[in-house]
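Here are a few exercises for getting to know a new structure. Have a go at each task before you read its solution.

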Amino acid sequence: MSGRRASDPRTAKVIQLYSTPGGAQTPLLSLNGLREGVADALTGTAGYLRERLAGEYEVDDFGFDPHFTENVWFPAIRPVYEKWFRVEVSGVENLPVEGGALLVANHAGSIPIDALMTSIAVHDNHPTGRYLRVLAADMAFDSPIIGETARRIGATLACTSDAEYLLKAGELT
(Lines give C-alpha, C1' and ligand atoms only; values in the text may rest on other atoms or scores of the structure.)
Protein backbone atom coordinates (compact mmCIF):
# COMPACT_ATOMS: atom_id res chain seq x y z
CA MET A 1 0.00 0.00 0.00
CA SER A 2 1.40 3.38 -0.93
CA GLY A 3 -0.14 5.23 1.98
CA ARG A 4 -1.99 7.69 -0.28
CA ARG A 5 -5.29 8.90 1.04
CA ALA A 6 -8.50 9.14 -1.01
CA SER A 7 -8.16 12.93 -0.87
CA ASP A 8 -4.88 12.69 -2.81
CA PRO A 9 -5.62 14.04 -6.35
CA ARG A 10 -3.75 11.14 -7.97
CA THR A 11 -5.84 8.58 -6.07
CA ALA A 12 -9.05 10.47 -6.87
CA LYS A 13 -8.18 10.32 -10.57
CA VAL A 14 -7.69 6.53 -10.41
CA ILE A 15 -10.98 6.11 -8.52
CA GLN A 16 -12.69 8.26 -11.16
CA LEU A 17 -11.41 5.98 -13.94
CA TYR A 18 -13.07 2.94 -12.36
CA SER A 19 -16.36 4.54 -11.33
CA THR A 20 -19.72 4.54 -13.06
CA PRO A 21 -21.50 7.85 -13.75
CA GLY A 22 -23.47 7.38 -10.48
CA GLY A 23 -20.22 7.02 -8.54
CA ALA A 24 -20.48 3.29 -7.82
CA GLN A 25 -17.23 1.36 -8.09
CA THR A 26 -16.87 -1.10 -10.97
CA PRO A 27 -14.50 -4.07 -11.19
CA LEU A 28 -11.12 -3.32 -12.69
CA LEU A 29 -11.75 -5.52 -15.71
CA SER A 30 -15.01 -3.79 -16.61
CA LEU A 31 -13.31 -0.69 -18.02
CA ASN A 32 -16.54 0.90 -19.23
CA GLY A 33 -17.91 -2.08 -21.13
CA LEU A 34 -14.65 -3.65 -22.29
CA ARG A 35 -15.38 -6.84 -20.40
CA GLU A 36 -18.85 -7.13 -21.94
CA GLY A 37 -17.43 -6.36 -25.37
CA VAL A 38 -14.82 -9.09 -25.07
CA ALA A 39 -17.47 -11.54 -23.82
CA ASP A 40 -19.73 -10.68 -26.76
CA ALA A 41 -16.83 -11.13 -29.20
CA LEU A 42 -15.92 -14.51 -27.71
CA THR A 43 -19.55 -15.65 -27.82
CA GLY A 44 -19.86 -14.53 -31.43
CA THR A 45 -16.60 -16.24 -32.37
CA ALA A 46 -17.67 -19.48 -30.70
CA GLY A 47 -21.00 -19.36 -32.56
CA TYR A 48 -19.23 -18.68 -35.85
CA LEU A 49 -16.82 -21.58 -35.34
CA ARG A 50 -19.64 -23.95 -34.37
CA GLU A 51 -21.57 -23.07 -37.55
CA ARG A 52 -18.45 -23.44 -39.70
CA LEU A 53 -17.52 -26.80 -38.24
CA ALA A 54 -21.10 -28.04 -38.56
CA GLY A 55 -21.28 -26.84 -42.17
CA GLU A 56 -24.24 -24.58 -41.40
CA TYR A 57 -23.45 -21.98 -44.06
CA GLU A 58 -23.96 -21.62 -47.81
CA VAL A 59 -21.70 -20.54 -50.63
CA ASP A 60 -23.12 -19.52 -54.01
CA ASP A 61 -21.92 -20.41 -57.54
CA PHE A 62 -19.33 -17.61 -57.47
CA GLY A 63 -17.94 -18.52 -54.04
CA PHE A 64 -19.78 -15.81 -52.08
CA ASP A 65 -19.94 -16.75 -48.41
CA PRO A 66 -22.33 -14.41 -46.54
CA HIS A 67 -21.49 -16.15 -43.25
CA PHE A 68 -17.78 -15.31 -43.63
CA THR A 69 -18.55 -11.82 -44.93
CA GLU A 70 -20.86 -10.97 -42.03
CA ASN A 71 -18.79 -12.51 -39.23
CA VAL A 72 -15.19 -12.02 -40.34
CA TRP A 73 -14.79 -9.61 -43.25
CA PHE A 74 -17.13 -6.77 -42.26
CA PRO A 75 -15.92 -6.66 -38.64
CA ALA A 76 -12.33 -6.58 -39.91
CA ILE A 77 -12.84 -3.62 -42.28
CA ARG A 78 -15.51 -1.73 -40.31
CA PRO A 79 -12.91 0.20 -38.22
CA VAL A 80 -11.29 1.45 -41.46
CA TYR A 81 -14.75 2.43 -42.75
CA GLU A 82 -15.73 4.21 -39.53
CA LYS A 83 -12.45 5.60 -38.17
CA TRP A 84 -10.14 6.12 -41.16
CA PHE A 85 -12.47 7.06 -44.00
CA ARG A 86 -15.36 8.21 -41.78
CA VAL A 87 -17.81 7.30 -44.50
CA GLU A 88 -21.02 9.31 -44.71
CA VAL A 89 -23.82 7.71 -46.69
CA SER A 90 -26.61 9.42 -48.60
CA GLY A 91 -29.01 8.16 -51.24
CA VAL A 92 -29.38 4.63 -49.90
CA GLU A 93 -33.13 5.09 -50.26
CA ASN A 94 -32.59 4.93 -54.03
CA LEU A 95 -31.40 1.31 -53.84
CA PRO A 96 -34.16 -1.23 -54.39
CA VAL A 97 -35.33 -3.30 -51.45
CA GLU A 98 -35.36 -6.34 -53.72
CA GLY A 99 -34.30 -7.12 -57.26
CA GLY A 100 -31.14 -6.41 -59.18
CA ALA A 101 -29.47 -3.06 -59.64
CA LEU A 102 -26.17 -1.92 -61.06
CA LEU A 103 -24.19 0.51 -58.90
CA VAL A 104 -21.49 2.36 -60.80
CA ALA A 105 -18.65 4.21 -59.08
CA ASN A 106 -15.53 5.98 -60.30
CA HIS A 107 -12.52 3.94 -59.26
CA ALA A 108 -8.90 5.06 -59.35
CA GLY A 109 -5.80 3.10 -58.43
CA SER A 110 -5.05 -0.60 -58.23
CA ILE A 111 -6.34 -1.28 -54.71
CA PRO A 112 -10.16 -1.18 -54.79
CA ILE A 113 -10.64 0.25 -51.31
CA ASP A 114 -13.58 2.30 -52.61
CA ALA A 115 -15.43 -0.90 -53.55
CA LEU A 116 -14.82 -2.34 -50.09
CA MET A 117 -16.10 0.81 -48.40
CA THR A 118 -19.13 0.92 -50.72
CA SER A 119 -19.95 -2.71 -49.97
CA ILE A 120 -20.03 -2.11 -46.24
CA ALA A 121 -21.93 1.18 -46.71
CA VAL A 122 -24.65 -0.61 -48.68
CA HIS A 123 -24.90 -3.48 -46.21
CA ASP A 124 -24.89 -1.35 -43.06
CA ASN A 125 -27.27 1.34 -44.35
CA HIS A 126 -29.74 -0.51 -46.56
CA PRO A 127 -33.01 -1.24 -44.74
CA THR A 128 -32.71 -4.97 -45.49
CA GLY A 129 -28.90 -5.22 -45.12
CA ARG A 130 -28.32 -6.20 -48.74
CA TYR A 131 -24.90 -7.24 -49.98
CA LEU A 132 -23.11 -5.52 -52.84
CA ARG A 133 -21.62 -7.99 -55.31
CA VAL A 134 -18.49 -6.25 -56.58
CA LEU A 135 -17.17 -6.81 -60.09
CA ALA A 136 -13.37 -7.04 -59.97
CA ALA A 137 -10.53 -7.16 -62.48
CA ASP A 138 -9.07 -10.56 -63.31
CA MET A 139 -5.78 -9.68 -61.60
CA ALA A 140 -7.61 -9.73 -58.23
CA PHE A 141 -8.39 -13.43 -58.70
CA ASP A 142 -4.83 -14.29 -59.81
CA SER A 143 -3.45 -13.43 -56.35
CA PRO A 144 -3.46 -16.41 -53.96
CA ILE A 145 -4.93 -14.82 -50.81
CA ILE A 146 -6.66 -11.83 -52.37
CA GLY A 147 -8.43 -13.94 -54.97
CA GLU A 148 -9.88 -16.38 -52.44
CA THR A 149 -10.95 -13.57 -50.11
CA ALA A 150 -12.51 -11.61 -52.99
CA ARG A 151 -14.63 -14.61 -53.95
CA ARG A 152 -15.70 -15.21 -50.36
CA ILE A 153 -16.85 -11.59 -49.90
CA GLY A 154 -18.93 -11.68 -53.06
CA ALA A 155 -16.67 -10.31 -55.78
CA THR A 156 -16.69 -11.86 -59.20
CA LEU A 157 -14.99 -11.24 -62.52
CA ALA A 158 -15.87 -7.94 -64.17
CA CYS A 159 -17.36 -9.39 -67.33
CA THR A 160 -20.75 -9.11 -69.00
CA SER A 161 -21.84 -12.70 -68.34
CA ASP A 162 -21.14 -12.55 -64.58
CA ALA A 163 -22.79 -9.13 -64.25
CA GLU A 164 -25.90 -10.28 -66.14
CA TYR A 165 -26.13 -13.45 -64.04
CA LEU A 166 -25.98 -11.49 -60.78
CA LEU A 167 -28.47 -8.87 -61.95
CA LYS A 168 -30.93 -11.53 -63.13
CA ALA A 169 -30.52 -13.25 -59.75
CA GLY A 170 -31.64 -10.00 -58.08
CA GLU A 171 -28.27 -8.91 -56.71
CA LEU A 172 -26.93 -5.41 -56.18
CA THR A 173 -23.89 -5.38 -58.45
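Predicted model: local features only at pLDDT ≥ 70, side-chain atom pairs only at ≥ 80, totals over all residues.

**Exercise 1. Work out which helices and strands the chain has, and in what order they come.**

Start by counting: there are seven helices and two strands. Next, walk along the sequence, and the pattern reads α-α-α-α-β-α-α-β-α. Now turn to burial: of the 173 residues in the chain, 28% are buried. Finally, look at contacts with a separation of 6 or more: 56% of them are between residues 24 or more positions apart.

**Exercise 2. Find out how the span of α2 compares with the span expected for a helix.**

Step one is the length: α2 covers residues 34-54, and that is 21 residues. Step two is the span: from the first C-alpha to the last, α2 reaches 30 Å, close to the 30 Å expected at 1.5 Å a residue. Step three is what comes next: G55 follows α2, and its phi is positive, near 75 degrees.

**Exercise 3. Decide whether α2 is roughly parallel or antiparallel to α3.**

First get the geometry: the axes of α2 and α3 (residues 66-84) come within 11 Å and cross at roughly 155 degrees. Angles over 145 degrees count as roughly antiparallel, so α2 is roughly antiparallel to α3. The crossing itself is left-handed. Then see who meets whom: α2 brings Y48, E51 and R52, while α3 brings H67, F68, N71 and V72. Sorted by class, this contact has three nonpolar, two polar and two charged residues.

**Exercise 4. Is A155 buried or exposed, and which residues does it touch?**

Locate it first: A155 is in the loop between α6 (144-152) and β2 (156-157). Its relative accessible area is 8%. Buried means under 20%, so A155 is buried. Setting aside residues up to four places away in sequence, A155 touches V134, A136, F141 and A150. Take A136 from that list: it is 19 residues from A155 along the chain, yet their C-alpha atoms are separated by 6.3 Å.

**Exercise 5. Say what stands out about the phi of R86, and whether R86 is buried or exposed.**

R86 is in the loop between α3 and α4. Most residues other than glycine have a negative phi. R86 is not a glycine, but its phi is positive, about 50 degrees. As for accessibility, R86 has a relative accessible area of 62%. Exposed means over 50%, so R86 is exposed.

**Exercise 6. Find which residues G63 contacts beyond its neighbours within four places in sequence.**

Begin in the loop between α2 and α3, where G63 is found. Its contacts, leaving those neighbours aside, are R151 and R152.

Conventions. Residues numbered from 1 in each chain as written. Heavy atoms only, no water. Axes fitted to C-alpha atoms, helices over the stretch in contact; angles between N-to-C directions. Helix = DSSP H or I, 4+ residues; strand = E, 2+ residues; numbered from the N terminus. Parallel < 35°, antiparallel > 145°, perpendicular 65-115°, else oblique. Left-handed = near helix turned anticlockwise from the far one by under 90°. Contact = heavy atoms within 4.5 Å. Nonpolar A, V, L, I, M, F, W, Y, C, P; charged D, E, K, R; others polar. Expected span 1.5 Å × (residues − 1). Buried < 20%, exposed > 50% of the residue type's maximum accessible area, 1.4 Å probe, protein only.
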